[in-house]
Amino acid sequence: MDHVKFAVNGTLMRGLPLEKNLLDAGATFLREAATAPCYRLWSINDNNPAMLRVDPADPQAVSVAVEVWQVPAAGLASVLMKEPEGLSVGKVTLSDGEVVLGVIGEPELVRGQKEISSYGGWRSYIASLCAPFSAAANFLPDTVRRRSPFGEQRLYSIPLLVRLPPLL
C-alpha cells in the first residue's frame, strides 16, 4: 500500500491554512464527500474543528462534510505531526459506507469547546462567522454593487474601513 485515502474535515481542506501540509506530502485531492451520520463536530477556539465518532443513535450525531485525498503512505506521518495537538488519525466511515483514514479529535480536546455539529462542517461554520459582516454589504453605496449576467446582485469590491482580526 503506497497510498491511502484520507478524509479531512477542517483546516487541511482545499484553500484553508493547512492545505499546504497535504500538498507538501504529495497528496492529491480526490473528491468532496460526507461522513456517515455518526459524528459530532466542535470548534477548537475557532482555529480548527475536532470531529468525534459517536453512537449513531445519539440524537446529535450528524453527517460531516469532508474532503477525501490520496496521500502517499510515507507522507501521512508528516501531515499528522503538523496537525494541532489533540487531533489524530483514525478510521472514518463515509456516507457511501467506504471506510478511510481521517482526522479525528480526542474527547479531551472538545471539553469546554463550542459544538458546531448543526453546521454540518467546518466551512459552513466559518462562513457563519462572516455572516454579520456580509449583512453590512446592504448598506454600502450602489457603486460597489454590480449585477451578474443572471440578474442577482454581487459585491465585487468592499472598501476597507475597519481592519478586522483574521478568522482563521
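Predicted model: local features only at pLDDT ≥ 70, side-chain atom pairs only at ≥ 80, totals over all residues.

User: Why is the contact between E115 and R40 called a salt bridge?

Analyst: A salt bridge is a side-chain nitrogen of Lys or Arg within 4 Å of a carboxyl oxygen of Asp or Glu. The closest N and O atoms of E115 and R40 are 2.5 Å apart, so the pair meets that rule. E115 lies in strand β8 (residues 114–115) and R40 in strand β3 (residues 39–44), so the pair ties together parts that are 75 residues apart in sequence. Helices (H or I, at least four residues) and strands (E, at least two) are DSSP runs, numbered from the N terminus.

User: What makes R40 buried or exposed?

Analyst: Buried means under 20% relative accessible area, exposed over 50%, and partly exposed in between (1.4 Å probe, protein chains only). R40 has 14%, so it is buried. E115 has 26% and is therefore partly exposed.

User: Which salt bridges does R31 form, and where do its partners lie?

Analyst: R31 pairs with D96 at 3.6 Å between the closest N and O atoms. R31 is in strand β2 (residues 28–34) and D96 in the loop between β6 and β7 (99–105), 65 residues apart. E98 also forms a salt bridge with R31, at 2.9 Å between the closest N and O atoms. E98 lies in the loop between β6 and β7, so this pair ties together parts that are 67 residues apart in sequence. K5, R31, D96 and E98 are linked in a network of salt bridges.

User: Why is D96 called exposed?

Analyst: The relative accessible area of D96 is 52%, so D96 passes the cut-off for exposed. R31, at 29%, counts as partly exposed.

User: How do you know what lines the second largest cavity?

Analyst: A cavity is a set of points on a 1 Å grid over the protein atoms alone where a 1.4 Å probe fits but cannot get out, and lining residues have an atom within 4 Å of a point. By that rule the lining is F6, V79, L80, E83, L87, S88, V89 and V103. The largest share, three residues, comes from β6.

Conventions. Residues numbered from 1 in each chain as written. Heavy atoms only, no water. 1 Å grid on protein atoms, 1.4 Å probe; cavity = no way out; pocket = protein on both sides within 12 Å on 5 of 7 lines; lining within 4 Å.
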